[in-house]
Amino acid sequence: MNFSQLPLTPEMVKTLDSLGYKETTPIQEEALPFILEGKDVIAEAKTGSGKTAAFGIGLLSKLNVKKFRVQCLVLCPTRELADQVAKELRRIARFKHNIKILMLTGGESFGRQLGSLEHQAHIIVGTPGRVLKHLNKESLDLSNLETLVLDEADRMLDMGFIEEIQSLLAFAPKERQTLLFSATYDDEIKKISKEIQKDAVSIKTTHQE
Ligand code: ADP
Ligand code: MG
């Protein structure tokens with residue numbers, strides 16, 4: 001599928017074209033129509049299938065740049081993965097110069113993060129432990145959150161982040177879009193999906209190639 005067949009702004013299609021993204025990957029083709037409609041989606045797809053752009057195009061399409069509040073939170077299992085996600089989001093947002101994407105991961109100075117948070121951000125990409133710490137210290141406000149993404153959800157569960165994720169969700173509005181991405185789809189993933197999503201559309205592309 002061509003990106004121009006999706007309900008995207010001409011500017012977004014142009015940006016994707018400039019990145020060399022001519023056609024959707026299978027996960028993007030199947031998930032984006034639902035994501036752009038605002039539905040909760042649980043998507044299983046293997047590594048390298050373009051999951052970041054699948055949720056990135058969705059959250060950037062809906063973002064209100066003029067509203068300088070945290071509207072999206074992307075949770076990742078590690079600092080390295082958060083860094084990759086932030087870089088890909090910045091690429092997709094390259095023509096929207098005023099979008100602020102902030103990383104909040106462990107292994108970095110908490111004090112410096114506090115300073116960055118004072119200047120606000122539209123999108124936070126972080127690891128559950130550090131994001132929760134900021135919420136507990138009231139340095140991060142999620143009351144305007146519109147979209148929550150759990151990237152590599154299976155790995156986050158394997159790493160024992162379930163309690164942090166549950167605690168962190170208490171700070172987020174119940175009315176929100178929640179997207180869950182995983183390389184595997186087992187009972188643990190189904191359970192967390194039931195807990196944190198509403199009428200989630202389930203998409204599986206691992207059978208395709
Ligand atoms: P995943 O998270 O599924 O492992 P990524 O989101 O990291 O995969 O994407 C893998 C690579 O594919 C990245 O280098 C990304 O820039 C590229 N990519 C994503 N979508 C497309 C597309 N539609 N066309 C071409 N390349 C793409
Ligand atoms: Mg990924």
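Two residues are taken to be in contact if their C-beta atoms, placed from the backbone, lie within 7 Å. The model examined here is predicted.

Helix α2 spans residues 26-37. Its buried residues are covered by several elements, including the strands β1 (41-44), β6 (177-182) and β7 (201-204). Helix α3 (51-62) also contributes to this cover. The buried positions of α2 are Ile 27, Gln 28, Glu 29, Glu 30, Ala 31, Leu 32 and Ile 35. Gly 38 follows the helix. The phi of Gly 38 is positive, near 95°.

Ligand 1 is surrounded by 13 residues. Tyr 21, Thr 47, Gly 50, Lys 51 and Thr 52 are the closest of them. Three residues of the shell come from α3, the largest share. By class, eight residues of the shell are polar, three are nonpolar and two are charged.

A helix pair was examined next. Helix α6 covers residues 128-136, and helix α8 covers residues 162-169. Their axes come within 9 Å. They cross at roughly 35°, and the crossing is left-handed. On the α6 side, the contact is made by Pro 128, Gly 129, Val 131, Leu 132 and Leu 135. On the α8 side, Glu 164, Ile 165, Ser 167 and Leu 168 take part. Six residues of this contact are nonpolar, two are polar and one is charged.

How values were computed. Residues are numbered from 1 along each chain as its sequence is written. Chains are lettered from A and ligands numbered from 1 in the order in which they are written. This is a predicted model: local features need pLDDT of at least 70, side-chain atom pairs count only at pLDDT 80 or more; totals for chains, interfaces and linings use all residues. Axes are lines fitted to C-alpha atoms, for helices over the stretch in contact, and angles run from 0 to 180 degrees between N-to-C directions. Helices (H or I, at least four residues) and strands (E, at least two) are DSSP runs, numbered from the N terminus. A crossing is left-handed if the near helix is turned anticlockwise from the far one by less than a right angle, and right-handed if clockwise. Ala, Val, Leu, Ile, Met, Phe, Trp, Tyr, Cys and Pro count as nonpolar, Asp, Glu, Lys and Arg as charged, and the others, Gly among them, as polar. A residue is buried if 20 or more other C-beta atoms lie within 10 Å of its own, exposed if 12 or fewer, and partly exposed in between; C-beta atoms are placed from the backbone. A residue is near a molecule or strand if its C-beta atom, placed from the backbone, lies within 6 Å of it.
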